[in-house]
Amino acid sequence: MHGEYKVPGGKLVVVDLEVVDATITGFRLAGDFFLEPDEALERINAAVNGLSADSDAATIAAAVRDGLPENAVLLGFSPESVAVAIRRALSKATSWGDYEWEIVHTPAVSPRMHLALDEVLAAEVGEGRRKPTLRIWEWDESAVVIGSFQSLKNEVDPEGAAKYGFDVVRRISGGGAMMMEKGAVITYSLYVPAELVQGMSFADSYAFLDSWVLEALKSLGIDASYQPLNDITSPTGKIGGAAQKRLGSGAVLHHVTMSYDMDGDVMAQVLRIGREKLSDKGIASAAKRVDPLRRQTGLSRAEIIDRMKQTFAKLYRTVPGDITAAEYERAEHLVTEKFATEEWLTRVP
């Protein structure tokens, strides 16, 4: 069995192993990481050999850590990343390179249509009718998109939303409310087979699926990093946030909104950011924890999106993609039956 795991912001961890009588044997660790002293590698191999193939990631990581020499130095990886690679090998996980990816960047649709397309395209990937896909959203309307489990009245000020022309919609993934002002955000979705994140915790999968965009941002001179659970950030402030939904069809929907520009005064009147959340961040204003991409790069929104697409195409096998008429039709049906209904919007009042 073979498993690989690219540590977000770190190095590649590669493992090969066999399972005999439900026990790991023949384990070998490799990768482009740094490890001192040399004998630490064999100590890690010895620590893993003999473990039960049913061991969870925490048990494996603890065994690796306990097996290390006292003076060991690990750079670019950790015992936890070795455990992830092993669990991916045992679960026969796939990797980015196993697929040809479609990049879809189509004209703007309504906020509700965007949410419906997310559900439809993810299901298409899970059911094998569509290649894994990166979709860039375009906006010609402004909206507040609240998480699947958020309270509508606790998150949105209806008078402020109406005053500034923000539609209010609810997505199928969890997480927090996002203020999507037209021309002021960069949003993308990944529709991937569940096998791509097999063997990872939810937290690991968030960073794993956004590793490519960190590379794109760094190529623009931004010191971008991932802050668990779901924030893309920089030393000067938060850039964006991610959310996920695992579908029964065998697909994962992963979508991200990054701030390109922002009007903090409007945000304060449209969103109701609770005092508890702000105190947890150690700040007095939600706007002060965000540092938009326009200020950090001086580039246009289109230029940043082009760099993102170029980076994704450089890293993985890609082809230009589109949304089919049948997919649009299914999404329109979902808008009518679900996303445009008061029942869905107010399912958590």
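**Exercise 1. Which residue forms a salt bridge with D231, and are the two partners buried or exposed?**

Solution. D231 pairs with K238 in a salt bridge, with 3.3 Å between the closest N and O atoms. The term salt bridge stands for a side-chain nitrogen of Lys or Arg within 4 Å of a carboxyl oxygen of Asp or Glu. Next, accessibility: buried means under 20% relative accessible area, exposed over 50%, and partly exposed in between (1.4 Å probe, protein chains only). D231 has 8% relative accessibility and therefore counts as buried. K238, at 18%, counts as buried because of that value.

The model is predicted: local features need pLDDT of at least 70, side-chain atom pairs count only at pLDDT 80 or more, and totals for chains, interfaces and linings use all residues. Residues are numbered from 1 along each chain as its sequence is written, and side-chain values use heavy atoms, with hydrogens and water left out.

**Exercise 2. Which parts of the chain are linked by the salt bridge of E119 and K338?**

Solution. The closest N and O atoms of E119 and K338 are 2.9 Å apart, in a salt bridge. E119 lies in helix α4 and K338 in helix α13 (residues 325-339), so distant parts of the chain, 219 residues apart, are linked. Helices (H or I, at least four residues) and strands (E, at least two) are DSSP runs, numbered from the N terminus. E119 and K338 are both buried.

**Exercise 3. How many residues of domain 1 and domain 2 are in contact, and how many salt bridges cross their interface?**

Solution. Domain 1 spans 2-91 and domain 2 spans 101-346, with bounds from an automatic or database domain assignment. In contact (heavy atoms within 4.5 Å) are 8 residues of domain 1 and 10 residues of domain 2. About 720 Å² is buried between the domains, 61% of it on carbon and sulfur atoms; buried area is the accessible area (1.4 Å probe) that two parts lose on being put together, summed over both. In domain 1, Y5, P8 and R88 lose the most area to domain 2. Across the interface, 0 salt bridges are found.
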